[in-house]
Amino acid sequence: MKKFRKSLKYIIIGIVVVGIAASVAYSMFAPLSVPLTLLSPGPAQVYFMEEGAYESVHDVAIFPVIGGKIKSVAVKVGDEVVAGQTIATIDAADLTAQMRELQATAAAYNAQKTTALQQEENRREDLANNRYVLNDQFRAVSAQQRANDATADAQSYQEDLLDEAIKNYKSELKQLDTELQALYAAGKTDVDPDVVAKLAEIARVEKLLGQAESQLIALMEAGSVTPASYYSAQKDSIAKQIEHINDSLEQDNATAMANYYNAMMAAVNANIDRLKYNQSDAVITALYDGRITDLPITESNIASMSAPAAIISTGFALQSYISPKDVTGLHIGDTVEITIPGRTGDTVTNGQITAIDTQAVMRTSALGTQEPKIKVTMDVDNTALLAPNYTVDVKFVVYEAENVLVVPKTALFTQDGQDMVWAVLQDGKLVKAPVTKGVETRTGFVISGLSDGFYVVNDANNKNLVEGKTVALPKA
């Protein structure tokens, strides 16, 4: 009985050992189960989101041409109006006084026109003076660059001469040492005149060699010449400023200003002519086609020539303010995706970038800090979805490609300066595959160097990854 129990004990121990060995063998040779990504050509996109607002791009204030009590208001905020349409009527009680007021207004517009044109002329003179200064700076930098290049050439020539002298002295010392050794071999001693002369010659050449080496070191430490890239960068910066000034000078702001004030004076004079016919009522009319976005007047109020009766917005566009670092990826004509939030769900439409400002403005962020921002203006494909001052989300795409391969960011690793991934061959074996890393997207990196149809391991840091190891492939 004791022998049976003892035998049973050994049998159980043997079964446990065999089970453990089988488990270890299975873990060593069983296919490795890791998350994989199948390389399949598809689209890749790099984008960022910004808030946008559907705002007026040109507001026109409509002022009453005479003062008086408002008799009636013919429009309300949000109405579309056309040029010449009646906005409100005023009871004209004292035409003579109103005539004087209109004449004073016309004179004020003329004075404003004169001032504006003078300011424009001063601006252009300032720009021309700045361009003159910048041209002088450009010529000065060019002269500095030429002088710097000449200094560099001279220094290089002196260094070459000293290098050649050092080589010659070293060669001469080698020859003198050979001759000295020959004298020693012939039985000469240090007191022999030939040996003494040879040693003196060696000392002389060694001194010359030391002087040449010291001169070379001093020349190299005396101060390096300025790199050519420094002057090129300065010249490029000055050239861009000159180009910006030239663009500004090409703009005919004076004509636009004159036309604006002439139109305003023409409108005032037209109202003066109308008053001359002793009309009992004055009519406030729209000067342009557009939408009423503000209407300060109401019936029975007193209209003043110095306060606007209505604001007409003559055009609307979607505007967004973005960080300057994102501007480089945007171009006029690019398509944007516009998401309009709503209670029953978001509505999506597209638009196109029509303008990108060249100068940043300071804007207050959500955290209350001042940040530089660039205004981007866009047309909207479906403007019926928007109303003035609607806030939307705008998706700006700065990179887009079709039929590219994308791997997770964690799938990449570097070996000896080469970007690599763990790829799975058709037989399920792991190999390290070199790839070329491209653009970073929100989901990973665009790569090249591998064909589609391969699987890659999602986590390159998995400690169980070994070349030649079998990986469990997903079932078809």
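Q: Is Lys-373 buried or exposed?
A: Start with the scale: buried means under 20% relative accessible area, exposed over 50%, and partly exposed in between, with a 1.4 Å probe and protein chains only. Lys-373 has 14% relative accessibility, so this residue counts as buried. Lys-373 sits in strand E15, residues 370-380.

Q: Which residues is Lys-373 in contact with?
A: Contact means heavy atoms within 4.5 Å. Leaving aside neighbours within four places in sequence, Lys-373 is in contact with residues including Glu-50, Tyr-321, Gln-359 and Arg-363.

Q: What kind of model is this, and how are residues numbered?
A: The model is predicted: local features need pLDDT of at least 70, side-chain atom pairs count only at pLDDT 80 or more, and totals for chains, interfaces and linings use all residues. Residues are numbered from 1 along each chain as its sequence is written, and side-chain values use heavy atoms, with hydrogens and water left out.

Q: What is the average pLDDT of the chain?
A: pLDDT is the predictor's confidence in each residue, from 0 to 100. The chain averages 84, and 89% of the residues score at least 70. Over residues 17-28, pLDDT stays under 50. There the model has two contacts beyond four places in sequence.

Q: How many helices and strands are in the chain?
A: Helices (H or I, at least four residues) and strands (E, at least two) are DSSP runs, numbered from the N terminus. This chain has six helices and 22 strands.

Q: In what order do the four strands of the open sheet stand?
A: Two strands pair if DSSP finds at least two bridges between them. The order is E3-E10-E8-E5, with antiparallel pairing. E3 (59-62) and E5 (80-81) stand at the edges with a single partner strand each, so one side of each has no neighbour in the sheet. Two bridges pair E5 with E8 (residues 290-294). Val-81 stands opposite Gly-290 in E8.

Q: Which strands pair with E16?
A: E2 (residues 42-56) and E16 (residues 391-407) are antiparallel over 11 bridges, and Gln-45 stands opposite Glu-400. E12 (residues 335-340) is joined to E16 by four bridges, also antiparallel. E21 (residues 445-448) runs antiparallel to E16, with three bridges.

Q: Which residues touch the most other members of the largest nonpolar core?
A: In soluble globular proteins, nonpolar side chains tend to be buried together. A nonpolar core is a set of buried Ala, Val, Leu, Ile, Met, Phe, Trp, Tyr and Cys residues joined through side-chain atoms within 4.5 Å. The largest here has 31 residues; those touching the most other members include Ile-87, Leu-102 and Ile-297. Helix H2 (95-185) and helix H5 (253-276) are among the elements that each supply at least two residues of this core. Apart from it lies another core of 19 residues, Phe-316 and Met-378 among them.

Q: How many aromatic pairs does the count come to?
A: Rings of Phe, Tyr and Trp (its six-membered ring) pair if their centres lie within 6.5 Å; planes under 30 degrees apart count as stacked, over 60 as edge-to-face and the rest as tilted. The count is four. Tyr-54 and Phe-316 form a stacked pair, 5.7 Å centre to centre with 25 degrees between the planes. Tyr-54 lies in E2 and Phe-316 in E11 (residues 316-322), so the pair ties together parts 262 residues apart in sequence. Both Tyr-54 and Phe-316 are buried.
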